[in-house]
Amino acid sequence: MIPAQNRLELFRKMLLIRRVQETIERRYLEDHMRSPVHLCIGQEAISAGFCHALHRDDYISSNHRGHGHYLAKGGGLNALIAELHCRKTGCSEGYGGSMHLVDRSVGHLGSSSIVGGGISIGTGMALALKMQSSQAVSTVFFGDGAADEGVLYESLNFAILKKLPVIYVLENNGWAVCSPVSSRQVGKNVFHGGTDPADLLTEIIDGNDPEVVYGTAQRAVQRARCGDGPSFIECTTYRIMGHAGCKAQDADGYRDEREVAAWHERCPVNLLRSRLLKEGILTLDEEMMMEDDIRTRIEEAFSFAMKSPLPSADDLHNNLFCE
């Protein structure tokens with residue numbers, strides 16, 4: 001049973017991620033955010049659930065749809081919004097934009113715009129942690145499109161071989177841009193049922209149930225900390241918005257609107273909210289206070305971003321290395 005305080009914190013994280021994403025979507029066409037954005041509305045339970053099971057000194061490697069991972073791991077809201085505006089005060093100092101968020105102070109190794117690009121990075125971090133005899137673990141987030149890439153199979157094989165403290169989290173939202181999973185993959189992934197459980201923990205879970213996600217994450221993290229090797233967790237979920245940009249920029253016709261509506265009914269934020277209200281763990285007054293606090297923080301973050309300086313010409317050659 002998950003303690004009530006943990007459930008409240010889980011809800012708070014998910015609510016923050018949702019409201020931030022909604023605000024980005026609403027303001028994107030104002031054209032102040034010059035970075036492509038990939039929103040995770042509908043997938044908040046995965047980032048919140050896994051990161052809630054991690055310590056600050058654990059590491060994550062993220063992908064292009066990574067705002068939720070960044071915030072859930074403890075990344076600063078001001079730094080995130082500033083980075084979307086390509087400002088010098090952003091978490092990547094304006095160099096990376098939405099798809100290249102980095103904050104090593106909270107164990108966020110970075111997001112990658114390359115499909116599957118973060119998988120090998122997270123695996124390498126796990127190898128480093130083992131070589132250092134560290135108790136920290138590495139968690140890698142990627143989508144079903146990245147599950148088609150050979151780097152996943154190479155990395156998993158290496159992680160099994162070396163019993164690395166790494167958790168591979170597949171956020172299967174059913175679509176890679178406009179291509180459904182059914183057109184790219186036949187049946188279940190080869191690692192489900194194809195590998196000895198002693199070598200690789202594999203599970204397929206409801207990625208829209210935050211408590212299921214959190215409970216699974218706890219088991220996988222404990223396995224990694226104990227030196228028992230990697231885990232491969234597939235979370236079934238759905239991206240309510242389009243592949244990139246705001247709703248107005250999504251292509252028409254590639255998804256059945258009845259499918260989108262059905263997943264709306266399975267909203268992970270509403271699911272946990274209803275449970276907490278029903279059980280008396282959350283009150284409407286407490287929820288209103290959360291909403292007010294989050295709204296204020298978001299307004300301050302956008303104001304901070306708009307007032308922040310852009311990188312200057314003098315910054316052009318920073319972070320470059322040559323002999």
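**Reading a predicted fold, step by step**

Author: Start with one residue. Arg-273 has a relative accessible area of 26%, so it counts as partly exposed. Keep in mind that this is a predicted model.

Reader: How do I read that percentage? Which residue is buried, for instance: Arg-7 or Glu-279?

Author: Compare the value with two cut-offs. Under 20% is buried, over 50% is exposed, and partly exposed is in between. Arg-7 has a relative accessible area of 2%, so it is buried. Glu-279 is at 44%, so it counts as partly exposed.

Reader: What joins Glu-279 to Arg-7?

Author: A salt bridge. The closest N and O atoms of Glu-279 and Arg-7 are 2.8 Å apart. Now ask where each partner sits. Glu-279 is in the loop between helix H9 (268–278) and helix H10 (284–307), while Arg-7 is in helix H1 (residues 4–27), so the pair ties together parts that are 272 residues apart in sequence.

Reader: Which residues are linked with these two in a network of salt bridges?

Author: Asp-209, Glu-211 and Arg-275 are linked with Arg-7 and Glu-279 in that network.

Reader: How many salt bridges does the structure hold?

Author: It holds 19 salt bridges. Let us go back to Arg-273. Its side chain meets that of Glu-287 in a salt bridge, at 2.6 Å from N to O. This pair links distant parts of the chain: Arg-273 is in helix H9 and Glu-287 in helix H10, 14 residues apart. Glu-287 has a relative accessible area of 10%, so it is buried.

Reader: Where do Arg-184 and Asp-148 lie, two residues that also form a salt bridge?

Author: First the distance. The side chains of Arg-184 and Asp-148 meet at 2.8 Å, N to O. Arg-184 lies in the loop between strand S6 (179–180) and strand S7 (201–206), and Asp-148 in the loop between S3 and helix H6 (150–162), so the pair ties together parts that are 36 residues apart in sequence. Arg-184, at 24% relative accessible area, is partly exposed. Asp-148, at 33%, counts as partly exposed.

Reader: Now strands. Which strands pair with S1?

Author: Read the partner and the sense. S1 pairs with strand S3 (residues 138–143) in the parallel sense, over 3 bridges. S1 also pairs with strand S2 (residues 108–112) in the parallel sense, over 3 bridges. Then look for single partners. Tyr-59 has Ser-138 in S3 as its bridge partner. Ile-60 stands opposite His-108 in S2.

Reader: One last residue. Which residues does Thr-216 touch?

Author: Find its place first. Thr-216 is in helix H7 (residues 210–225). At 2% relative accessibility, it counts as buried. Not counting residues up to four places away in sequence, Thr-216 touches Glu-203, Ile-205 and Ile-233.

Note on methods: Residues numbered from 1 in each chain as written. Predicted model: local features only at pLDDT ≥ 70, side-chain atom pairs only at ≥ 80, totals over all residues. Heavy atoms only, no water. Pairing = 2+ DSSP bridges. Helix = DSSP H or I, 4+ residues; strand = E, 2+ residues; numbered from the N terminus. Buried < 20%, exposed > 50% of the residue type's maximum accessible area, 1.4 Å probe, protein only. Contact = heavy atoms within 4.5 Å. Salt bridge = Lys/Arg side-chain N within 4 Å of Asp/Glu carboxyl O.
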